[in-house]
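These are my notebook entries on a two-chain model.

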Amino acid sequence: MKGQLRAELLKQRTTRTILGLFAAMLGLVLLAVLLHSFGLPADALGDASRQLMVLGRGEFLGALFAALLGALSVTSEIRHGTIRPTFLATPQRARVVAAKVSMGVLIGAGFGLVAGAVATIVGAAALQERGIDVQLDAGDYALLVAGATGAAALWAAIGVGIGALVRHQVPTMIGLCAWLLFVEGLLADSTGGLGDVARFLPGSAAAAISGQGPDTLLAPALGLVLLVAYAATAAVAGAIATNRRDVE
Amino acid sequence: MTRHIEDDALAIGSASDATAAITVRSLTKRFGEVVAVDDLTFSLRKGAVTGFLGPNGAGKTTTLRLLLGLAEPTVGEALVFGRRYRDLERPASRIGAVLESNDFHPGRSGRDHLRALALAADIPPGRVDEALELVELASAARRRVRTYSLGMRQRLGLAAALLGDPELLVLDEPANGLDPAGVHWLRRFLRRFAEQGGTALVSSHMLAEAALTVDDVVIIDRGRRIASGRLDELTERGRTTLEELFLALTGATP
């Protein structure tokens, strides 16, 4: 397994994909945080829960891009055909999926750490710059960054699992983006959505870990447990499917 | 003639069964209604280059995928050194295989492609540069694969197969798209590999080229074996050509 993990990390280092994802994530974090902190009316940013939501953009975008990175680690190999030499080197395919999950958790955590830290620092500074009283304390900041790290690490594992299940690159990418950007939001909508049940969806669980919704979301620890369960389910399902299905 | 060929094939199959590099037994693969491989049986003599011949769509690639654990047989078995490929612990150190000529990430260098495979297959990293030297690709190794010609890609694939210093090579249409110099290079390479005791199974539909390279042949059509044995015996020591034999057997002659 160690060799497979080192191989997966090397694969990430030796193309420009990871740099592109990282740059896009960082750019979007800055854009989202700055737009929200400077664009929203000051009285809409006064209370702690709104401020948490703005600074929580780091967690959201970290998780999204970590999921894309995880999924790409599978679908890109299928698309370019490198999955064949990969499986010839390691015919125990579950080991390959496990290595990709481990790689995704490590790099995803890095993505989440950077996204969470940048969003928290830039967001808090921007709010202060506007003269808005920031009502968050050191504990909130720590949870925002740590939560973003954990959420992105686990969403990377979900991405690997979904990539292994769907296999085709474009549907996988669109599916992950659509889920996190639209579908969960629609389901969480108070009118016509799932109502309270939406708290248990994987995107909401990720937001809960960073403490974004003390009144609406699950407690951080519960969100973490739930997201671990989602990640484990996706990874195991991806490994089983990869083991069973023929390789083109 | 058919009877003579069948007898020959059986003789080779039973003689080498215990130590055969490859044993394919009653192998069948169905994709829905389509039978891609149909009750195929053959084995491979060690130290020989065997041509795996058949028209396009005969089931050659499917057979190789079954052999290499990339697909599961519907019926029967395909064994490498007496075991399923997926059950081998370090398969790359005994078997090198190339299924497609372009299984690379275009943005990764040839050398990095091999480094990742060496890590995964538990092969010493020093083998990467050795394999690149073997296929005469060292000078281009640090360039991105997107800049490689088809011939260079074929050779990079071969380098990946050679990483583990294998005793068996399985190559699917390795001469496809090669220029005459590339084909010549490949032939010399395979001959040298066999002279050093290596065993190779090389699929091809280019018969004239195969006739120059291989010792034995397994010919299949519509998923079934229609002939196998030593090339010189099948062609009656040059009285008929491999092409004539192939066309007669596959029913393609008018």
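I began with Glu173(B), which is buried because 22 other C-beta atoms lie within 10 Å. I take a residue as buried if 20 or more other C-beta atoms lie within 10 Å of its own, exposed if 12 or fewer, and partly exposed in between, with C-beta atoms placed from the backbone. Glu173(B) is found in the loop between β6 (168–172) and α6 (180–195) of chain B. I take helices (H or I, at least four residues) and strands (E, at least two) as DSSP runs, numbered from the N terminus. Glu173(B) is not a glycine, yet I found a positive phi of about 50 degrees for it. Most residues other than glycine have a negative phi.

For the record, this is a predicted model, in which local features need pLDDT of at least 70 and side-chain atom pairs count only at pLDDT 80 or more, while totals for chains, interfaces and linings use all residues. Residues are numbered from 1 along each chain as its sequence is written, and chains are lettered from A and ligands numbered from 1 in the order in which they are written.

**Arg167(A).** I noted a positive phi of about 70 degrees at Arg167(A), also not a glycine. Arg167(A) sits in the loop between α7 (138–166) and α8 (169–188) of chain A. Is Arg167(A) buried or exposed? Arg167(A) is buried, as 21 other C-beta atoms lie within 10 Å.

**Gly82(B).** I located Gly82(B) in the loop between β4 (75–80) and β5 (95–98) of chain B. Gly82(B) counts as partly exposed because it has 13 C-beta neighbours inside 10 Å. From Gly82(B) to Gly177(B) I recorded 95 residues in sequence and 33 Å in space, C-alpha to C-alpha.

**Helix α9 of chain A.** Eight of the eight residues of α9(A) (residues 202–209) are buried, so the rest of the structure largely encloses this helix. I listed the buried residues as Pro202(A), Gly203(A), Ser204(A), Ala205(A), Ala206(A), Ala207(A), Ala208(A) and Ile209(A). Which helices do they pack against? The partners are α4 (57–80), α7, α8 and α10 of chain A. Just after α9(A), Gly211(A) takes a positive phi of about 70 degrees.

**Gly150(A).** Gly150(A) lies in helix α7 of chain A and counts as buried because it has 27 C-beta neighbours inside 10 Å. Leaving aside residues up to four places away in sequence, Gly150(A) touches Ile209(A) and Leu224(A); contact requires C-beta atoms, placed from the backbone, within 7 Å.

**Helix α6 of chain A.** α6(A) is mostly covered, with 26 of its 37 residues buried. The 37 residues should span 54 Å at 1.5 Å a residue, and the end C-alpha atoms are 52 Å apart, which agrees; the expected span is 1.5 Å times one less than the number of residues. Just after α6(A), I found a positive phi of about 80 degrees at Gly131(A).

The axes of α6(A) (residues 93–129) and α10(A) (residues 220–244) come within 8 Å and cross at roughly 150 degrees. Axes are lines fitted to C-alpha atoms, for helices over the stretch in contact, and angles run from 0 to 180 degrees between N-to-C directions. The two helices are therefore roughly antiparallel. Angles under 35 degrees count as roughly parallel, over 145 as roughly antiparallel, 65 to 115 as roughly perpendicular and the rest as oblique.

**Helix α3 of chain B.** The axes of α3(B) and α5(B) (residues 150–162) are 10 Å apart, at an angle of about 25 degrees. These helices are therefore roughly parallel to each other. In this packing, Gly110(B), His113(B), Leu114(B) and Leu117(B) of α3(B) meet Leu156(B), Ala159(B) and Ala160(B) of α5(B).

**Contact between the chains.** I recorded 29 residues of chain B in contact with 24 residues of chain A. On the chain B side, α3 (residues 110–120) gives the most, with six residues.

Definitions and conventions
Two residues are in contact if their C-beta atoms, placed from the backbone, lie within 7 Å.
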